[in-house]
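Open the structure in your viewer and keep the selection tool handy.

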Amino acid sequence: MTIKQESVSLEDAQRVIAAGQAKAAEIGSPSNVAVVDAGGNLVSHIRMDNAWVGSVDISINKAFTARAFDIATKDLAENAQPGAPFYGIQNSNHGRVMIFAGGIPLRQDGQVVGAVGVSGGTGEQDQTVAEAAAAAF
């Protein structure tokens with residue numbers, strides 16, 4: 001059996017990032033915005049002027065996490081608290097798993113084909129930017 005997997009293209013990633021960048025500028029939250037493909041590999045990333053350098057890896061890893069588990073990082077965070085079913089998950093995958101808001105899977109015809117990750121503001125700001133970015137997909 002062969003499984004076919006669609007994936008985001010560079011054109012898709014650039015459109016998603018542009019929408020995220022516009023929303024981040026609108027709300028005054030300089031951000032890092034990353035898009036990964038269906039395999040969780042980086043397709044494109046930007047760091048807006050004045051966005052934290054330390055958030056580069058976080059944005060990429062939020063996108064990776066959203067794709068690796070096909071769940072928004074905000075929702076994963078809720079299930080990763082002490083006593084919850086995924087407590088400790090952030091220690092898996094060599095520490096790449098992010099349990100902060102701002103990572104959202106990108107779906108096409110019900111199938112996850114990539115993800116976007118945003119970092120640089122509060123969790124609420126990151127989520128707002130990620131939602132605007134994902135909506136452009």
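Start with the pair of helices whose crossing is right-handed: helix 1 and helix 4. Bear in mind as you look that this is a predicted model.

**Stop one: two helices**

Select residues 10-27 for helix 1 and residues 123-135 for helix 4. How do their axes cross? They come within 7 Å and meet at roughly 140°. Angles over 145 degrees would count as roughly antiparallel, and helix 1 and helix 4 are therefore classed as oblique to each other.

Now show the side chains where the helices touch. On the helix 1 side, pick Val16, Ala19, Gly20, Lys23, Ala24 and Ile27. Their partners in helix 4 are Gln125, Thr128, Val129, Ala132, Ala133 and Ala134.

**Stop two: His45**

Next, select residues 42-47, which form strand 2, and pick out His45 there. With a relative accessible area of 23%, His45 is partly exposed; the cut-off for buried is under 20%.

Which residues does His45 touch, beyond its neighbours within four places in sequence? Select Ile17, Asn32, Val33, Ala34, Val56, Ser59 and Ile60 to see them.

Zoom in on the His45 side chain for two polar contacts. One reaches the side chain of Asn32, at 3.3 Å. Another, of 3.4 Å, links His45 to the side chain of Ser59.

Finally, draw a C-alpha to C-alpha distance from His45 to Val35: the two are 10 residues apart in sequence and 6.4 Å apart in space.

Methods: Residues numbered from 1 in each chain as written. Predicted model: local features only at pLDDT ≥ 70, side-chain atom pairs only at ≥ 80, totals over all residues. Heavy atoms only, no water. Axes fitted to C-alpha atoms, helices over the stretch in contact; angles between N-to-C directions. Helix = DSSP H or I, 4+ residues; strand = E, 2+ residues; numbered from the N terminus. Parallel < 35°, antiparallel > 145°, perpendicular 65-115°, else oblique. Left-handed = near helix turned anticlockwise from the far one by under 90°. Contact = heavy atoms within 4.5 Å. Buried < 20%, exposed > 50% of the residue type's maximum accessible area, 1.4 Å probe, protein only. Polar contact = N/O pair within 3.5 Å; in protein donor to acceptor, adjacent residues only side chain to side chain.
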